[in-house]
Amino acid sequence: TEGVRVVYDPDKISFVDILRWFWEAHDPTSGMGQGNDRGTQYRSGFYYFDDEQKQLIEASKAKYEQQLGRPITTEVAAASDYE
């Protein structure tokens, strides 16, 4: 997957706000693609740096999945797996 490392100031924006933007800015249920772009390189993913981030990601994923009524296919994995 293509990735972007987001560096942010938690005094200006929270990790939870970043998560909300992430889930709402794309279709996290589309599997291996976004729009007309198909293939593993276009899959949705969110990569965490610590257990707190992992827990927040998984909790927000469950919440959005319930709201959408469809399974979210976004990959959630440790960022260290990609360094």
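How many bridges join β3 to strand β4, and in which direction do the two strands run? Four bridges join them, and the strands, with β4 covering residues 75-78, run parallel. Two strands are taken as paired if DSSP finds at least two bridges between them.

Before I continue, a word on the basis. This is a predicted model, in which local features need pLDDT of at least 70, side-chain atom pairs count only at pLDDT 80 or more, and totals for chains, interfaces and linings use all residues. Residues are numbered from 1 along each chain as its sequence is written, and side-chain values use heavy atoms, with hydrogens and water left out.

The chain contains two helices and four strands, in the order α-β-β-β-α-β from the N terminus. Helices (H or I, at least four residues) and strands (E, at least two) are DSSP runs, numbered from the N terminus.

Let me return to the paired strands. Gly 45 has Glu 75 of β4 as its bridge partner. Between β3 and β4 the chain passes through α2, and this β-α-β crossover is right-handed; that is, with the strands pointing away from the viewer, the path from the first strand over the helix to the second runs clockwise. Strand β3 is covered on both faces, with Gly 45 and Tyr 47 buried on one side and Phe 46 and Tyr 48 buried on the other. Buried here means under 20% relative accessible area, exposed over 50%, and partly exposed in between (1.4 Å probe, protein chains only). Of the 83 residues of the chain, 28% count as buried.

I turn now to the core. A nonpolar core is a set of buried Ala, Val, Leu, Ile, Met, Phe, Trp, Tyr and Cys residues joined through side-chain atoms within 4.5 Å. The largest one has 10 residues, among them Leu 19, Ile 57, Ile 72 and Ala 78. At least two residues of this core come from each of α1 (15-24), β3 (45-48) and α2 (51-68). Helix α1 gives the largest share, four residues. Apart from residues up to four places away in sequence, Ile 57 touches Phe 15, Leu 19, Trp 23, Phe 46, Tyr 48 and Val 76, where contact means heavy atoms within 4.5 Å.

Next, the aromatic rings. Rings of Phe, Tyr and Trp (its six-membered ring) pair if their centres lie within 6.5 Å; planes under 30 degrees apart count as stacked, over 60 as edge-to-face and the rest as tilted. The count comes to five aromatic pairs. Phe 22 and Phe 46 form an edge-to-face pair, because their ring centres are 4.8 Å apart and their planes stand at 90°. Phe 22 lies in helix α1 and Phe 46 in strand β3, so this pair ties together parts 24 residues apart in sequence. Trp 23 and Tyr 64 form a tilted pair, with 6.3 Å centre to centre and 35° between the planes. This second pair links helix α1 to helix α2 across 41 residues, and both Trp 23 and Tyr 64 are buried.

Which polar residue deserves a word? Gln 53, in helix α2, counts as buried because its relative accessibility is 14%. A polar atom of the Gln 53 side chain lies 2.7 Å from the backbone nitrogen of Phe 49. Leaving aside neighbours within four places in sequence, Gln 53 is in contact with Tyr 8, Phe 15 and Tyr 48.

How values were computed: A polar contact is a pair of N or O atoms within 3.5 Å; within protein, one must be able to donate a hydrogen and the other to accept it, and residues adjacent in sequence count only if both atoms are side-chain atoms.
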